[in-house]
Amino acid sequence: MKTDFYSEAKSILLNNDRGGYTVPTEGLYPFQWNWDSAFVALGFAQFDRPRAWQELHSLFSAQWENRMQPHIVFHQEDDDYFPGPSVWQTNQPGVATSGITQPPVAASIVRLLWEQDKASAMAHIERLYPKLMAWHTWFANYRDPLKNGLVLVTHPWETGRDNSPEWDSPMSAVDTSAVGEYARRDLNQVDQSMRPTTEQYDHYLAMVFYGREHNWDPEVTAKNGPFQMLDVGMSMILLRANRDLLVLAEALGKSDDVLLIKQRIELAENGLGYLWNDDVGAYCSYDLIQQQSSHCITNASFLAFYAGVGSPAQKQTLLNRLQEIRDQVAYLVPSITPEHPAYNPILYWRGPIWSVVNFMIGQGLMEQGYTELSDQVWLDTLAVSEAGNFYESFSPATGKGTGGKQFSWSAAIWLHLNAWNNTRDGQ
Ligand code: DGY
């Protein structure tokens, strides 16, 4: 019998709904994650628009006083996850959260939801806009060390691409001697072969402890912290989010903000050139401590189209890179190029396909007129979600699901892209 993927995707979102917010998956990630929730709203919008908005309102109810939007909101206690609120100790008023941020995709999702139905969205964008603007200002104030619009990250978890080989060299320099004993919980849910090593976890925790010891002071972590990386993904995503925020600011008549956002866009458009690595022919993350490029071509490198950056020659080079990758895998887009020594099609951010990154890459390619490639990226995303049972991520070699199961963002992106595919087919 033909599987009813629509019902399956919808029921994953409904089952992961904890009453106004959605967990990425039961067990492995039992709280509300920042960028997960923004993408989840896109999925809910396919069958319950008020619920889509509620996801974003509940996320932004946890914004910090300094206007950082944290990466996890711990709405309730749950021992399935480590490190929980007692480890982070962020001491903010209101609901407990982690102490770091995550990719600022929310403004772009809000713009999409608004465009789907402007009349019903107006009251929501009026509520959300000031929080989005304030978060983007937080990035400009605390996370732009070179004052060129590029985003500094202080922990690999901020990038969302937690375990990417981009972070191997900068992480290896982080002192883990004070980390001590702890018990991982992720391995109760997912096979070790798909998760980071214990050594990597020691480093992740050392960076959490650094922030905690410095009372999560954003200036201290950014200036003196043990991990200072200019992340290609966050930088592309923030530039794109500013373009989308600009449209919202114009719709709301925020003329002062319009000028400021335009300046930020121009700054980042020029600034991104700093991350271009001619040796590999791609945009790569850059380690500010060791003063070196990661030399890694990841799926985030292809967000250049989504961000709207690159000279004609750079775009052509990136398209060539994507074409070379296409010849080596069954499905696009692996999280690191298969030529990289660390490539592993089932290991967390070291090979698997991630629906949310594919969604953004496909959107950028489509907007820039590369429709044959954008169609392939989006059709591959639908295909692996179906073949891979809406797991957390998917093998580019086989399409098989990897990581956590019944995953909210995989279901949400499938719902969104399925609607696109139906329109395309004229159904
Ligand atoms: C984890 O615990 O692996 C999360 O992805 C951190 O955000």
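These are my notebook entries on a few residues that I looked up in a predicted model.

**Ground rules.** I number residues from 1 along each chain as its sequence is written, and I use heavy atoms for side-chain values, leaving out hydrogens and water. Because the model is predicted, local features need pLDDT of at least 70 and side-chain atom pairs count only at pLDDT 80 or more, while totals for chains, interfaces and linings use all residues.

**Gln-102.** I looked up Gln-102 in the loop between β3 (96-97) and α5 (106-116), where helices (H or I, at least four residues) and strands (E, at least two) are DSSP runs numbered from the N terminus. Is Gln-102 buried or exposed? I note that Gln-102 is buried, with a relative accessible area of 3%; buried means under 20%, exposed over 50% and partly exposed in between, with a 1.4 Å probe and protein chains only. The side chain of Gln-102 reaches the backbone nitrogen of Trp-35 at 3.2 Å, and a polar atom of that side chain lies 3.4 Å from the backbone nitrogen of Asn-34.

**Asp-79.** I found Asp-79 in the loop between β2 (72-74) and α4 (85-88), and Asp-79 counts as exposed because its relative accessibility is 62%.

**Asn-66.** I placed Asn-66 in the loop between α3 (49-60) and β2, and at 26% relative accessibility I record Asn-66 as partly exposed. How far apart are the C-alpha atoms of Asn-66 and Thr-137? I read a separation of 9.9 Å, although these residues are 71 residues apart along the chain.

Conventions
Polar contact = N/O pair within 3.5 Å; in protein donor to acceptor, adjacent residues only side chain to side chain.
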